[in-house]
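Student: Could you show me how to read the features of a protein model, starting with its secondary structure?

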Amino acid sequence: MALDQSFVGRTYPPTSPYEVGREKIREFAEAVRDDNPVYVDQEAAKALGYPDVIAPPTFVFAISFRAAEAVVQDPLLGLDYARVVHREQRFAYARPVRAGDRLTVVSTIESIKTLAGNEVVDIRGEVSDEAGEHVVTAWTKLVARAAEEA
């Protein structure tokens, strides 16, 4: 069953704040095997003008994808998550994510398309700090695979 096109443009309420911690940044940098010292060493980060360590560029995925769950789990949209695969992710930064940031995300459905029986949903997540300043925009593309015929 095709997804409801009237959901294009729908914006979901902001998430609860996510507090970015130094340890989470360090763990993420280790997980992606990025040994840039600005991710783990406050002095290295300060030497480059940052107030604290910064996160690798893809760190915000976990925050923005969690916010996209509001879209995915919206029963009125009708997306069958059992058939969903993550197709694409991209980011546009206003500034790096820093330790100590308290970030919220507002998700908006940018488009819904049907391609070869598959439903493709584009979600934009606007990530802001607690002062309301834009930090990064994250785009997530999800594909709900077509149901197999009996």
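Student: What does the secondary structure of the protein come to?
Tutor: Helices (H or I, at least four residues) and strands (E, at least two) are DSSP runs, numbered from the N terminus. Here there are three helices and five strands, and from the N terminus on they run β-α-α-α-β-β-β-β. Keep in mind that this is a predicted model, where local features need pLDDT of at least 70, side-chain atom pairs count only at pLDDT 80 or more, and totals for chains, interfaces and linings use all residues. Residues are numbered from 1 along each chain as its sequence is written, and side-chain values use heavy atoms, with hydrogens and water left out.

Student: Which order do the strands of the sheet have?
Tutor: Strands of a sheet pair through backbone hydrogen bonds, either parallel or antiparallel. Two strands count as paired if DSSP finds at least two bridges between them. In this case the five strands form an open sheet in the order E1-E3-E4-E5-E2, with antiparallel pairing. Strand E1 (18–19) and strand E2 (84–93) are the edge strands, each pairing on one side only.

Student: How many bridges link E2 and strand E5?
Tutor: Nine bridges, in the antiparallel sense, with E5 covering residues 134–144. As an example to look up, Glu88 has Lys141 in E5 as its bridge partner.

Student: How many residues does the largest nonpolar core have?
Tutor: A nonpolar core is a set of buried Ala, Val, Leu, Ile, Met, Phe, Trp, Tyr and Cys residues joined through side-chain atoms within 4.5 Å; buried means under 20% relative accessible area, with a 1.4 Å probe and protein chains only. The largest one has 21 residues, and Val20, Ile25, Phe59, Ile63, Val97 and Leu103 have the most contacts inside it. Helix H1 (22–31), helix H3 (60–72), strand E3 (102–115) and E5 each give two or more residues to this core. H3 gives the most, with three residues. Apart from it lies another core, of 16 residues, among them Phe65, Ala68, Leu79 and Ile123.

Student: Which residues is Val97 in contact with?
Tutor: Contact means heavy atoms within 4.5 Å. Leaving aside neighbours within four places in sequence, Val97 touches Val20, Val53, Ile54, Ala55, Phe59, Leu103 and Val135.

Student: And for the whole chain, what share of the residues counts as buried?
Tutor: Of the 150 residues, 40% do. As for overall dimensions, the C-alpha trace spans about 60 × 30 × 20 Å along its principal axes.

How values were computed
Buried < 20%, exposed > 50% of the residue type's maximum accessible area, 1.4 Å probe, protein only.
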